[in-house]
Amino acid sequence: MCGITGFLWSPEASQTQDPEQTVQAMMTAIDHRGPDSQGHWVDRAAGVALGHLRLAIVDLSPAGHQPMISASGRYQLVYNGEIYNHRKLRAELEAAGKAPNWTGSSDTEVLLAGFETWGFEETLARCEGMFAIALWDRKTRSLKLARDRLGEKPLYYGWQGQGREGVFLFGSELKSLRAHPAFKPELRRDALVAMLRHGHVPEDLSIYQGIAKLRPGEIAEVSVEAREVARRRYWDGGAVAAALRGPAPSPEEAIEQLETLLLDSVGQQMMSDVPLGAFLSGGIDSSTIVALMQHLSERPVHTFSIGFHEARYNEAEFAKAIAGHLGTHHTELYVGDTDLRDVIPRLPAMYDEPFADSSQIPTFLVAELARQHVTVALSGDGGDELFGGYDRYQQGASFLKMLRKIPHPLRALGAGALRGLPAGMLNKVMEPIRATPQGKEPNGQRLHRLADYASSRTTEELHRKMVSFWRFPEAAVIGGQSPASILSDHLPPRGDLGDSERMMQLDMLAYMPDDILCKVDRATMAVALESRAPLLDHRVAEFAWSLPLDLKIREGKSKWVLREVLFRHVPRDLIERPKMGFEVPIGLWLRGGLRDWAEALITPERLAREGHLDPTLIRQIWDQHQAGSHNWGAQLWNVLMFQAWAEHYTN
């Protein structure tokens, strides 16, 4: 796990700063991603600079140092990630007589040999791993960028400046791009609208004008002569999910095939020359990964859990029981509200652009705990999206089935009438029937939300509403408009996917890389910890999508086939319990310990002066939240994370 950065410029352009000093500054901005060593390479005649920060995991010797040049001298490479099957690829090169005189045992050297032998795209197709790659081709004077299939590793890029004076920047995090003197931090307002809607900046957008994110499974190619960035996919997750399926395996065959695949994936991802462990929440996904790790290991696997003092959120005792059954070396840390709130001032710098998934806080704490003992930690990320884990997949499908029995005009009329009733009045009417749990959405607000769902015409429209925090975020952003989205404007092919599977597909393409994987990457890299996700091996993903839905959601239970793999290693009674999850009580905090901090960020005077958000609307939802008629905790958290980010990066 590392950080990469660099830039292209026209050698004919005027230079106000030395390119070596500039790339070093860009590297320093993300040195937390690679504390073990750093290196850079500059070709002034060609107008290219590459930088690399190394967190040494495999081949700790200088032979694994980057930037690395290919045996022929044609390619210079910087890359972030791991190629888990690099030993197999090395053997294939040797068998074909295409291997160079190896200087070490790193996967970087194998990648370069593959590019020279098979070409760029064919090499990526052969790789099993997570990665963000920047490859300079000295022959064509072009730069190729690539990102892994599911989006575990991030990569930002874009042009800054015009004509011959323009500079092409790239990097693992926006921090590195900001360090270049040509960078202009111009806010992209449609990205802010999307961030308020979803809690993160989605898809290929960034919070800045002119800077984009490479999408999962995508290649981008650029040169100084041809400024336009040419993008193409080498792996299309949407098409994989929508593809026609062959004959379904029997349940027993599916369990056996999945366990075989996961054992191979977990075994590959246990490859490490440094201490390795795993996150263990006590849920199905992480428990499966840990069970298979322990099955493959000759000594106890080191596992890590965060515990909470509130019983309704605390899964640490279940994680401890699973660890005890499997015989892992288990470490847990109990945290309270103060520990969680103490992380908040660190979030703007950690996440680099506005990011508001509040589970970022416990994710950072468990990463910090693990880093005290190991350098690599495996996780269960990906299980929900691939095997039907989120409640919305079943609830949404059931809701749509019911809605389709009622003509849309009638539904829309009823929904509009219900939303026209004040939430406060509905709260009073409903309270004797259904009391509102502390810190949860009041009844009137909940009915308004369900009415909004009821007006949906399609699966995609309902799904978008279910994953949106703000109903009309463009109203909150001055001059803001919603950007085109994979969830509404350029939908992937659906094929024969049912309602639940369509939502899973959309989450795999959007929510998973842009929220879940972004959250984990920034939290772990902030403490120089490498996180790996065996469930996101593309072979596992392709197998999951080849299965019919009833092997994933069966008799009302999610992740059925994954559960059955787990039950081969862990007793059912340690797993079969209601899903708890952890929800940071943001709504309560904003009425208590965080109230003064939040008020200072969203005073009407401040919002008016900054000119990004509508002061009247923000104050309205703040007052409603404080009065208790609504719980706008999640919506306000998105606003506050933007405000905290803006304060950090403009001061």
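User: Why is α21 described as largely enclosed by the rest of the structure?

Analyst: Happy to start there, keeping in mind that this is a predicted model. A residue counts as buried at under 20% relative accessible area. Helix α21 is largely enclosed because the residues in it that are buried number 14 of 15.

User: At which residue does α21 bend?

Analyst: Let's begin with the extent of the helix: α21 covers residues 511-525 and reaches 20 Å from its first C-alpha to its last, close to the 21 Å expected. Along the way there is a bend of about 35 degrees, and its place is Leu517.

User: Which residues does Gly151 touch, not counting residues up to four places away in sequence?

Analyst: Gly151 sits in the loop between β7 (142-147) and β8 (156-160). Its relative accessibility is 2%, so Gly151 counts as buried. Leaving out residues up to four places away in sequence, the residues in contact with Gly151 are Pro216, Pro513 and Leu517.

User: Which strands stand at the edges of the open sheet of 6 strands?

Analyst: The strand order is β2-β3-β1-β9-β8-β10, with antiparallel pairing. An edge strand here has a single partner, so one side of it is left without a neighbour in the sheet. The strands in that position are β2 (37-43) and β10 (212-213).

User: What is the bridge partner of Tyr157 in β10?

Analyst: Strands of a sheet pair through backbone hydrogen bonds. Here β8 and β10 pair in the antiparallel sense, over 2 bridges. Within β10, Tyr157 has as its bridge partner Ala212.

Methods. Residues are numbered from 1 along each chain as its sequence is written. This is a predicted model: local features need pLDDT of at least 70, side-chain atom pairs count only at pLDDT 80 or more; totals for chains, interfaces and linings use all residues. Side-chain values use heavy atoms; hydrogens and water are left out. Helices (H or I, at least four residues) and strands (E, at least two) are DSSP runs, numbered from the N terminus. The expected span of a helix is 1.5 Å times one less than its number of residues. The bend at a residue is the angle between axes fitted to the seven residues ending there and the seven starting there. Buried means under 20% relative accessible area, exposed over 50%, partly exposed in between (1.4 Å probe, protein chains only). Contact means heavy atoms within 4.5 Å. Two strands pair if DSSP finds at least two bridges between them.
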